Amino acid sequence: MRFAAFGEVMLRLTPPESFLLDQTNELRMDYTGTGVNIMANLAQFNYETFLVTVLPDNRLGQVAKSALMKYGIRPNLLHFAHQHIGSYFAENGFGQRPTQVTYQNRHHSSFGVSDSTAYDFEAVVEGSDLIHICGISLSLTNDTRNAAHELAKKAAQAGKKVCFDFNFRPSLNTEPNKFAFMKKQYEMILPYCDIVFGSTRDLTELLQMEKVASEEALIREFMENYQVECFAGTKRTSEKNQKQLQGFLYNRTEQVVSQRHELTILDRIGAGDAYAAGILAGYAESWPLVETVEFATMNAILAHTIHGDVPLTTKEQVLMVLKNPGIDLLR
């Protein structure tokens, strides 16, 4: 299966270790973003992947392209225009101190100011079997919103699978009555989507669905309303100060919840994208739901142990840990 993702490439700037910005003059640079993370992980799984985006037409854009190619993402659908790249500072948390993310210049990035005319969506649709659209594109600008809606519609009309994640970011939504505004955006794109990543909180707070007797009933109502094929996500819990992660996956006839796994967190950003990549791998291979959700959940667990956003796991690594829990040395 050939995968493509529509979304922004960002420059992540991270202090070394778990330092605060106040404590260092050094920053690590990484090129990342939801689409980057998922396509890079799927490339690690040996799938053909593409990113549909606009990069700055300057040195930063060229370095970003090199980084994407190093991850195994093919450059065929990259475009270059304008001069800015969105960026963020990530101060990794430690102990009770949470990780803090500070965004910069995302609304005015090359991706943010590019409308649908910047892309060849016909080529995107023709060259892909499944297209992932990052929900953040609905939060940035009118240009990115309209482009996302157009791509979803074209892909669905061509019979291609469309994948979408809510990925709501309050700090990026500056419109008055932003929840009502975003509800309208979601309602416009969801009818074209086959696979959706989110949570019951997204359904009640963003789509403003009424809470019902059970989570299952709420999810089933959502899937019926928008004729969604699959709905997946994760739940984070804490017990005696030990953080835990559990994945869930629904299709039209059944649902599965993974085992609850303890988390050891080195860097948690991008772990949700690792879960999504695991679900998409299982979908591509037609694995049973239980195998898919356990694989995706372990992939997300391992992503917490890797520096940076991009999950650099392989299928073999994930399956090894699933089959050998507690293994701590490979020779």
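Ser286 is placed in the loop between α8 (271-285) and α9 (289-303); helices (H or I, at least four residues) and strands (E, at least two) are DSSP runs, numbered from the N terminus. Although Ser286 is not a glycine, its phi is positive, at about 55°. Ser286 counts as exposed at 64% relative accessibility, where buried means under 20% relative accessible area, exposed over 50%, and partly exposed in between (1.4 Å probe, protein chains only). The model is a predicted one, in which local features need pLDDT of at least 70 and side-chain atom pairs count only at pLDDT 80 or more, while totals for chains, interfaces and linings use all residues. Residues are numbered from 1 along each chain as its sequence is written, and side-chain values use heavy atoms, with hydrogens and water left out.

Gln208, in the loop between α6 (200-206) and α7 (215-226), has a positive phi near 55° despite being a residue other than glycine. With a relative accessible area of 43%, Gln208 is partly exposed.

Helix α9 has 15 residues and reaches 21 Å from its first C-alpha to its last, close to the 21 Å expected at 1.5 Å a residue; the expected span is 1.5 Å times one less than the number of residues. Of the 15 residues in α9, 13 are buried, and the helix is mostly covered. Thr297 lies in this helix and, at 0% relative accessibility, counts as buried. Its side chain makes a polar contact with the side chain of Ser258 at 3.4 Å. A polar contact is a pair of N or O atoms within 3.5 Å; within protein, one must be able to donate a hydrogen and the other to accept it, and residues adjacent in sequence count only if both atoms are side-chain atoms. Apart from neighbours within four places in sequence, Thr297 is in contact (heavy atoms within 4.5 Å) with Leu245, Gly247, Ser258, His261 and Tyr275.

Helix α4 (residues 142-157) and helix α5 (residues 178-189) have axes that come within 9 Å and cross at roughly 20°. The two helices are therefore roughly parallel, a description given to angles under 35 degrees, with those over 145 roughly antiparallel, 65 to 115 roughly perpendicular and the rest oblique. Axes are lines fitted to C-alpha atoms, for helices over the stretch in contact, and angles run from 0 to 180 degrees between N-to-C directions. In this contact, Arg145, Ala148, His149 and Ala152 of α4 meet Phe181, Gln185, Met188 and Ile189 of α5. The buried residues of α4 also include Thr144 and Leu151, and the buried set packs against β1 (2-6), α3 (121-126), β8 (130-134), β9 (161-165) and α5.

Two pairs of residues separated along the chain are listed below.

| Pair | Separation in sequence | C-alpha distance |
|---|---|---|
| Phe166 and Ser139 | 27 residues | 9.9 Å |
| Leu51 and Val36 | 15 residues | 7.0 Å |

Phe166 is found in the loop between β9 and α5 and is buried, with 0% relative accessibility. Leu51 lies in strand β4 (residues 48-55) and is likewise buried at 0% relative accessibility. Beyond its neighbours within four places in sequence, Leu51 has contacts that include Ala5, Val9, Val36, Leu68 and Ile73.
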